[in-house]
Amino acid sequence: MTAVAPDTRGQRAGVDVDVDAIVIGAGFSGVYMLHRLRNMLGLSVRVLETGDGVGGTWYWNRYPGARCDSESYVYCYMFDKELWQQWEYSERYPEQDEIRAYIEHVAERFDLYRDIQFNTRVTAATFDEANGTWTVSTQNGDRLTARFVIAAVGTLSVSNTPKFPGIGSFAGETYHTGCWPHRPVHFVGKRVAVIGTGASAIQAIPRIAQEASELTVFQRTAGYTLPANHGPVPEVVKRARKADYEGIKRRISESAAGFELSFLEKGAAESTQEEVNAELKTRYNQGGFGIWLGGYLDQFFTQDANAKIRKFLEDRIRERVNDPATAELLVPKGYPFGVKRVPLESHYYETFNLPHVHLVDVKSNPIAAITPTGLRLSDGTDYEFDTIVYATGFDALTAPFTNIDFRGRGGRRLEEKWAEGPRTYLGLMSAGFPNLFTITGPQSPSVLSNMTVSIEQHVELVSRIIADMADRGADTVEATREAEDAWVAHNQEVAEATLFPTAATWYMGANIPGKPRVFLPNLDFVGPYRAKCDEIVNNGYEGFVFDATITQEVVA
Ligand code: FAD
Ligand code: NAP
């Protein structure tokens, strides 16, 4: 394996560097990948990261109210018992700054910084079939070579700003939740617009409303939400959890979505509305994902079952919002509960009871243009603002990978291969791109799970494959086209059996004009997906080919 001299933090150069593995991205995935490959397998590794710090999502998304929807004790690494037991987040759901501090702590603790090159965006990576290596190019003009490339680029790391006419003309301040400045942003005394009402907006709106003199929210699609019931965790609960590391780790790995939640045995379809209401009321008051990822499983399959959940949640919105017209706008319409990401909220609905907060429907009357003083709707209504906040989401799941000009066998481009939708085996590899791994790639459970669980599973799977390659004397590993075709078909089949494809969501690529409409994550659920991966590995890597001829030819 190649040795690389360590540089001082932040001053690495990447010209003519040759390492065993290049990891792209320094979020949860990249940081753990570096630890596994360097500290556990002894490989030389270079991590390349666009930002100037670790954290990924939690480095970029610094908008007011940014906080995790996964509970603290499971939104962290589980690979090291001491790390898990020693770290303590302060509340039920950790906030952005604390999560960033946690990842920084992990990077320090495992001495990872010396192999991370910041301020370095990867633009391209080309596979050389003759010698089985990748050449990686960066925006800074670096060229690095490596046998393995691990794209730990995230699923929600390419922010999306709609191409409104006149977008550059606004004279006030403009922000995007997914790329927030690293300095305090003040709204006191300002007239603020928030465009969008997804998970980011739902967290930001109550906080911005506390400062702004006027806040106008432009909503295209009302979303179902669940209460967070955020707050401190009782000491007795914390102690019980610390004592149950093995149990928690096992339960979340085997679960449906990476949480300590399991679905009810009895379906909503075979329960009365009163029974459903009673069950959901307890869960609503507890807060968290209990209604979505641990409630009635049949809500994902039949409209009858789903309608009962919707009825319960819609009544809660009408109870909490004073003005009936505003409440009606906030009640979701035309799609089932649970097939669009269900955000957790704190005081979201009550914020619309404040006299200086206004809700504008831009489904019936879309935003036509951004103007120098604000924005204009299609019917000609003008609004004036000091600040516009775009909470308009991400080009999710595929763009972080296809934004890099990956070229595999025969110079084939990944972007071109995925033009009609992603094609992967297990969401981990794509045929024709040997030794390139995609952490939580499309067609893996990824965003339909508590992602730290899925990240650990993928990172550990990649290191297992690389370790097994050494045992087999293999130079390359690659998914077969047959295995990939079968996996793509399987993913669509599983999704089509559910209500997920019936809604226009970013899971379907529907938020980006022109993006193919295919269901992007995998719906096997975390536990069964993990079992499937384990079975494949234990059965001699069905669907993968290992090639040992390159080194032999070089030696010959
Ligand atoms: P990321 O954290 O996205 O990190 C990827 C890194 O790769 C980034 O730092 C990026 O700069 C870098 N990168 C990308 N492309 C390049 C390139 N070409 N060159 C160099 N560097 C590159 N998940 C949950 O499970 N629970 C939650 O409650 C939750 N809350 C979230 C809240 C927000 C606001 C968002 C946006 C996402 C949330 N997620 C949540 C999903 C979250 O993305 C994952 O939990 C997790 O942080 C992903 O880690 P990652 O390392 O895979 O990707
Ligand atoms: P999002 O869910 O995609 O929401 C984007 C919002 O912008 C939607 O309301 C969308 O409306 C609206 N929008 C987009 N284009 C528009 C246009 N041209 N005109 C008007 N409105 C427009 O993005 P997000 O809120 O950033 O969240 C993305 C994902 O990140 C979440 O689903 C979640 O996975 C993760 N996240 C998690 C947390 C957390 O766990 N705490 C917090 C934030 C984000 P439509 O719905 O009509 O498209």
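**The surroundings of ligand 2 and beyond**

Guide: An oxygen atom of ligand 2 lies 2.4 Å from an N or O atom in the side chain of T221. This is a polar contact, a term that denotes a pair of N or O atoms within 3.5 Å; within protein, one atom must be able to donate a hydrogen and the other to accept it, and residues adjacent in sequence count only if both atoms are side-chain atoms. W506 also takes part through its side chain, where an N or O atom is 3.0 Å from an oxygen atom of ligand 2. A199 contributes through its backbone instead, with a polar atom 3.0 Å from an oxygen atom of the ligand. Of the 900 Å² of accessible area that ligand 2 has on its own, the protein covers 87%; such areas come from the Shrake-Rupley method with a 1.4 Å probe, and for residues only the protein chains shown count as cover.

The model is predicted: local features need pLDDT of at least 70, side-chain atom pairs count only at pLDDT 80 or more, and totals for chains, interfaces and linings use all residues. Residues are numbered from 1 along each chain as its sequence is written, chains are lettered from A and ligands numbered from 1 in the order in which they are written, and side-chain values use heavy atoms, with hydrogens and water left out.

Around ligand 2 there are 23 residues, the closest being R67, S200, T221, K340 and R341; a residue is near a molecule or strand if one of its heavy atoms lies within 4 Å of it. By class, this shell holds 10 nonpolar, 8 polar and 5 charged residues. In this scheme Ala, Val, Leu, Ile, Met, Phe, Trp, Tyr, Cys and Pro count as nonpolar, Asp, Glu, Lys and Arg as charged, and the others, Gly among them, as polar.

The side chain of S29 places an N or O atom 2.6 Å from an oxygen atom of ligand 1. The side chain of Y75 likewise has an N or O atom 2.6 Å from an oxygen atom of ligand 1, and a backbone N or O atom of D69 lies 2.6 Å from an oxygen atom of the ligand. The protein covers 93% of the 980 Å² of accessible area that ligand 1 has on its own. Helices (H or I, at least four residues) and strands (E, at least two) are DSSP runs, numbered from the N terminus.

Leaving aside its neighbours within four places in sequence, N450 is in contact (heavy atoms within 4.5 Å) with S70, V74, Y75, A257, G258 and F259. A polar atom of the N450 side chain lies 3.2 Å from the backbone oxygen of G258. N450 is buried, at 0% relative accessible area; buried means under 20%, exposed over 50%, and partly exposed in between (1.4 Å probe, protein chains only).

The loop between strand 18 and helix 14 also holds S446, which is buried at 0% relative accessibility. Most residues other than glycine have a negative phi. S446, although not a glycine, has a positive phi of about 30 degrees. N119, likewise not a glycine, has a positive phi of about 55 degrees. N119 lies in the loop between strand 3 (116-117) and strand 4 (122-128) and is partly exposed, at 48% relative accessibility.

Finally, the cysteines. A disulfide is a pair of cysteine sulfur atoms within 2.5 Å, and by this rule the count is 0. C76 is in no disulfide, the nearest cysteine sulfur being that of C68, 9.5 Å away. C76 is buried, with a relative accessible area of 6%. C179 is partly exposed at 43%, and its sulfur is too far for a bond because the closest cysteine sulfur, in C68, is 20 Å away.
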